[in-house]
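Morning, everyone. Please have the sequence and the model open while I talk. I will take the sheet, then the salt bridges.

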Amino acid sequence: MAPRLDFSDWWAKDTRKGTPVVVKMENPNYSVVEIDGPDSAFRPVEKSRGKNAKQVTWVLLLKAHRAVGCLTWLATVFWSLLGAIKKRLSFTQPMGSEKLGRDRWLFTAIKLFLAVSLVILGFEIVAYFRGWHYFQSPNLHIPIPTSTLEIQSLLHLVYVGWLSLRADYIAPPIKALSKFCIVLFLIQSVDRLVLCLGCFWIKYKKIKPRFDEQPFRNDDAEGSGFEYPMVLVQIPMCNEREVYEQSISAVCQLDWPKDRILVQVLDDSNDESIQQLIKAEVAKWTQKGVNIIYRHRLVRTGYKAGNLKSAMSCDYVEAYEYVAIFDADFQPTPDFLKLTVPHFKDNPELGLVQARWTFVNKDENLLTRLQNINLCFHFEVEQQVNGVFLNFFGFNGTAGVWRIKALEESGGWLERTTVEDMDIAVRAHLHGWKFIYLNDVKVLCEVPESYEAYKKQQHRWHSGPMQLFRLCLGSILTSKIAIWKKANLILLFFLLRKLILPFYSFTLFCIILPLTMFVPEAELPVWVICYIPVFMSFLNLLPSPKSFPFIVPYLLFENTMSVTKFNAMVSGLFQLGSSYEWIVTKKAGRSSESDLLSITEKEAPNKKSQLLRGVSDSELLELSQLEEQKQAKKPVKKTNKIYHKELALAFLLLTAALRSLLAAQGVHFYFLLFQGVTFLLVGLDLIGEQMS
């Protein structure tokens, strides 16, 4: 406890000095006055003497009013939470809960931990009310089990035995594991701090990749005097009903000579109605003179990597020098190619130019705001710093331009993992190719609005790197790149940022912290659970300063997501469960313009008439059938799901919070309480998009 600084005794000291002074006046009208001290005549009257019972009553009533208001607010919040939980449980169908499948091992372990915690909590409560709570002070005397004089009952004997077992055998391994996780936590925090300092240096020095104003100027060329390279643009998609139209439209409006660009729409949809819609969209832009083709695979193997590999095997690809890739929800600006392709000019070692993502729905709900914080840090700090100082970073899978020669020399697209973008980036780096990241070139896209879609996306993003690490570790060790590049790949790129981060985050804050509430001999210090995490969250929010009001929800939500990331990391590392499962992230089809809908409605008749002029009778019949299908199709009934692992961890953390009350641990109690409530909200899918 902090020392109490009480200055009242200092001010109460007798500060009188010298002897009393007697003043005699010759004038008889004045009397003799004896002054005992310099301020004796000016001492204030004690105010407490002036208080009456009525004033005290008003003060007590005011305090009671404030207390009642606080309790009413807490009761309202609690009642609203219970109402939301009851509504979710009543409206969630049996099929609306999470399918555990082969990943049940983690859920079983959490349930076992929760059951043991409940038993110990009941035991501790009984001991507390019987006066056996020896854990409140380490100096308290704990009876020896062999001393029958101090043992009150059989239950007391069992409790004393539990204390001895806890102190001698359980606490030491927990302390060792917690110290190991704290060291990993500090190492990762230092890495995060170094990245932020590197970003500040880039901003201060204004470091950014540049190219000549007219890189394709050629005085010998005929016509306009410019010679543009051949660029292939690919749009891989699969059942993207909500976003296919806006992505194709944005790509077809790229500012590049029409005879020097080819757009490939790589459709892997297994829904025939979606296939027909995409074909109609391609036909529309073909009528406008855009060089665009539609490709559909009959055998959908290898997911996105197989789709891209199949497209690159076409004979006409040999005529193209660069390939730009955009996922179905990405909307590049018309000048995208003119801002990225010129960097390849006079730079033969450059293999990739990556642009930044921006999100049209970042303010849609709390989940999208929290995702925006993470992704802003990833692009603004991680990608930019690694691009400037290392010329290497993980390809983001979209919004990038590759030199086709770099793809071919690196082995092309492989179907061995669910992170084909990271796979090709690592292999290209091992072959000596350099990367450039452009933070000023931004491409609009979407982030998942529902927790279900976000969780599946994060599972793929964290299981895939561990798969890749197993497969390419030997290639990294035997490659001809510099030793420091090998160390960066293995220690930082894979181990620290892909393996250690989810491991310590889940182990330290979801396992060790609640465990130490039942084993107080291994209690974590306050700076581990409060100061350092808040500081790290502050660093993460620097690239998105408007998100600072969400620092506490961000910290709690990141700890909540650690269970998904840890499960995915273990599954990918040991090839367990759904480590090679690819599920397309659901999109909402948010437009990049707020008034696009009204403009479309105004121009729809003119556009339709222009489109139908160059279409045959059979195509007209097909388009009319598609319109009828659109209108007649009933919306799919969707419900929010219940997530078992998150709910089990919520009850575990809330149980640990109750146990911390017995030891009067303030910071630990509030952290466990708020973290448990966050797990509860996420487990009931009360964050993100809410299905009606």
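Strand β3, residues 231-237, pairs with strand β6, residues 322-325. The sense is parallel, over 4 bridges. Pairing here needs at least two bridges found by DSSP between the two strands. Strands are DSSP runs of E, at least two residues; helices are runs of H or I, at least four; both are numbered from the N terminus. Within this pair, V233 stands opposite A324 in β6.

Helix α5, residues 244-252, packs on the sheet. α5 touches β3, β4 (261-267) and β5, where contact means heavy atoms within 4.5 Å. The direction of α5 makes about 175 degrees with that of β3. Axes are lines fitted to C-alpha atoms, for helices over the stretch in contact, and angles between N-to-C directions run from 0 to 180 degrees.

A word on the source: this is a predicted model, where local features need pLDDT of at least 70 and side-chain atom pairs pLDDT 80 or more, while totals for chains, interfaces and linings use all residues. Residues are numbered from 1 along each chain as its sequence is written, and side-chain values use heavy atoms, leaving out hydrogens and water.

What is the strand order of the whole sheet? The order is β5-β4-β3-β6-β8-β7-β9. This is an open sheet of 7 strands with mixed pairing. β5 (292-296) and β9 (434-445) stand at the edges with a single partner strand each, so one side of each has no neighbour in the sheet. On average, neighbouring strands are turned by 20 degrees against each other, direction ignored.

Now the salt bridges. The count is 22. The rule: a side-chain nitrogen of Lys or Arg within 4 Å of a carboxyl oxygen of Asp or Glu.

Look at E124. It bridges to R166, with the closest N and O atoms 3.3 Å apart. E124 is in helix α3 (residues 104-129) and R166 in helix α4 (residues 154-205), so the pair ties together parts 42 residues apart in sequence.

E124 also meets R659 in a salt bridge, 3.9 Å from N to O. R659 lies in helix α18 (residues 644-662), so this pair with E124 of α3 ties together parts 535 residues apart in sequence.

Buried or exposed? E124 and R659 are both buried. Buried means under 20% relative accessible area, exposed over 50%, partly exposed in between, with a 1.4 Å probe and protein chains only. R166 is buried too, at 2%.

Finally, E124, R166, E521 and R659 are linked in a network of salt bridges.
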